[in-house]
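Subject: Structure handover

Hello,

Here is the structure I promised to pass on. Please open it and keep it beside you as you read.

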Amino acid sequence: MNTGPARGMRDFLPEDVRRRQYVIGVIADVYQKYGFEPLETPAVENIETLQGKYGEEGDRLIFKILKRGEGAETGQADMALRYDLTVPLARVVAEYRAKLPKFFKRYQVQPVWRADRPQKGRFREFYQCDVDAIGSKAPVVEAELCNAVSDVLLRLGFSDFELVINHRRLLTGILNGTGVAPDQHAEALVALDKIDKVGVEGAEKDLIARGFEQATAQRLLGIIGAPPHADWLAWLEQQMPLDDDGRAGVENLREILRLTKQTSAGAHIKVEPSLARGLGYYTGAIFEIKVKDLAGSLGGGGRYDDLVGMFSGEQVPAAGFSLGLERILVVM
């Protein structure tokens, strides 16, 4: 009999457990010093809670749980393993809104599960270390999240990392300005988010394969895939007229950069035009942590002002950042 764990899962022996507990302890200590409170949610959620929140690619990676009894024979599923910690948080806020403070700051360190292809630094069961603020649209929220995450990494001994940011509304403005139809925005964002892995030429091929005209793909990549500029936002404003979404995104990013300039995040933060983040619930600023020689990021996040409203019917502003414990440990 095969005694190894299931593919994409791992056993943790005592030395591994101690290392993990040390990193989790540092993360929790920093988040608590910023005033974030602990929260835990169940490993299993109702399937309707998760589906439709992560975009087409994310929904395919949800680990579904077959119904008991006759339902299992027909392949029906009514529950699923937790895919991330953000959607469960939105459900909790909608369920306990009357009991929670109007401005609610929480951190959460728990495992999540994804039916992904296992590879170095990527597993089917892994821990996320989330920090979120619910109840304010002010850009100081994003700035504080960036600062808290930077403090965590510095405490753990990281120095050579980049905190890259972009904005979903800015991306919408660029897509509109380069002739991408609104019903093609989601497809375009998926392709753009892979530029750092496949390059501009690979992204162009992907866009064409997704049904985009070559001229449209080249116009879009001429902006998103342009060589780095010292002030990319100023360069962008010179290259094309921006609509209301684009201008709002530029203004918000500039304010976040201003607020973080004199903080621990200031030396590491920069605008990354191709950053799109595939999850469908982001509405504003988006972030990722990058380090050299790692396929993928150490973590990411962004603003998701509409997600709680999917459960409660009222708009509740929110933003969060998630660090991947497994990838931090791989690099360390």
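Below is what was found in it, region by region.

This is a predicted model, in which local features need pLDDT of at least 70, side-chain atom pairs count only at pLDDT 80 or more, and totals for chains, interfaces and linings use all residues. Residues are numbered from 1 along each chain as its sequence is written, and side-chain values use heavy atoms, with hydrogens and water left out.

Some terms come up throughout. Buried means under 20% relative accessible area, exposed means over 50%, and partly exposed is in between (1.4 Å probe, protein chains only). Helices (H or I, at least four residues) and strands (E, at least two) are DSSP runs, numbered from the N terminus. Contact, touching, packing and covering all refer to heavy atoms within 4.5 Å.

**The core**

A nonpolar core is a set of buried Ala, Val, Leu, Ile, Met, Phe, Trp, Tyr and Cys residues joined through side-chain atoms within 4.5 Å. The largest one here has 92 residues. Which of them touch the most other members? They are Tyr31, Leu163, Leu170, Ile174, Leu220, Trp232 and Leu236. Helix α6 (residues 140-155) gives the most to this core, with seven residues.

Take Tyr31. Setting aside neighbours within four places in sequence, Tyr31 is in contact with Phe36, Tyr107, Cys129, Asp130, Val131, Ala148, Val149, Val152 and Leu323.

Now Leu170. Leu170 sits in helix α7. Leu170 is buried, with a relative accessible area of 0%. Residues up to four places away in sequence aside, Leu170 touches Trp232, Leu233, Leu236, Leu242, Asp245, Gly246, Gly249, Val250 and Leu253. Leu170 and Leu275 are 105 residues apart in sequence, and 11 Å apart from C-alpha to C-alpha.

In helix α10 (residues 214-224), the buried residues are Thr216, Ala217, Leu220, Leu221, Ile223 and Ile224. They lie on the same side of α10, because they cover an arc of only 155° around the axis. The arc is that of the directions from the helix axis to the C-beta atoms. These buried residues pack against α7 (168-177), α8 (185-192), α9 (195-209) and α11 (232-239).

Helix α11 has Trp232, Leu233, Trp235 and Leu236 as its buried residues. Down the axis of α11, they fall within an arc of 160°, so they line one face of the helix. Their cover includes α7, α10, α12 and β8.

**A pocket**

Pockets are found on a 1 Å grid over the protein atoms alone: a cavity is a set of points where a 1.4 Å probe fits but cannot get out, while a pocket is an open set with protein on both sides within 12 Å along at least five of seven lines, and lining residues have an atom within 4 Å of a point. Grid points are joined across faces, edges and corners, and a volume is the space filled by probe spheres set on the points.

The second largest pocket has a volume of about 470 Å³. Of its 22 lining residues, His229, Trp232, Val271, Glu272 and Pro273 are the closest to its centre. At least two lining residues come from each of α9, α11, α12 (244-260) and β8 (269-271). Helix α9 gives the most, with three. The lining divides into 12 nonpolar, three polar and seven charged residues. Here Ala, Val, Leu, Ile, Met, Phe, Trp, Tyr, Cys and Pro count as nonpolar, Asp, Glu, Lys and Arg as charged, and the others, Gly among them, as polar.

**Around helix α5**

Seven of the 10 residues of α5 are buried, so this helix is largely enclosed by the rest of the structure. Those buried are Thr86, Val87, Pro88, Leu89, Ala90, Val92 and Val93. What covers them includes β2 (44-46), α2, β5 (104-113), β6 (125-134) and α13 (309-312).

Beyond four places in sequence, Arg91 touches Thr41, Pro42, Glu45, Thr49 and Phe311.

Thr49 lies in helix α2 (residues 47-50). Thr49 is buried, at 8%.

Phe311 is in helix α13. Phe311 is partly exposed, at 28%. Phe311 and Ala90 are 221 residues apart in sequence, yet 7.4 Å apart in space, C-alpha to C-alpha.

Best wishes
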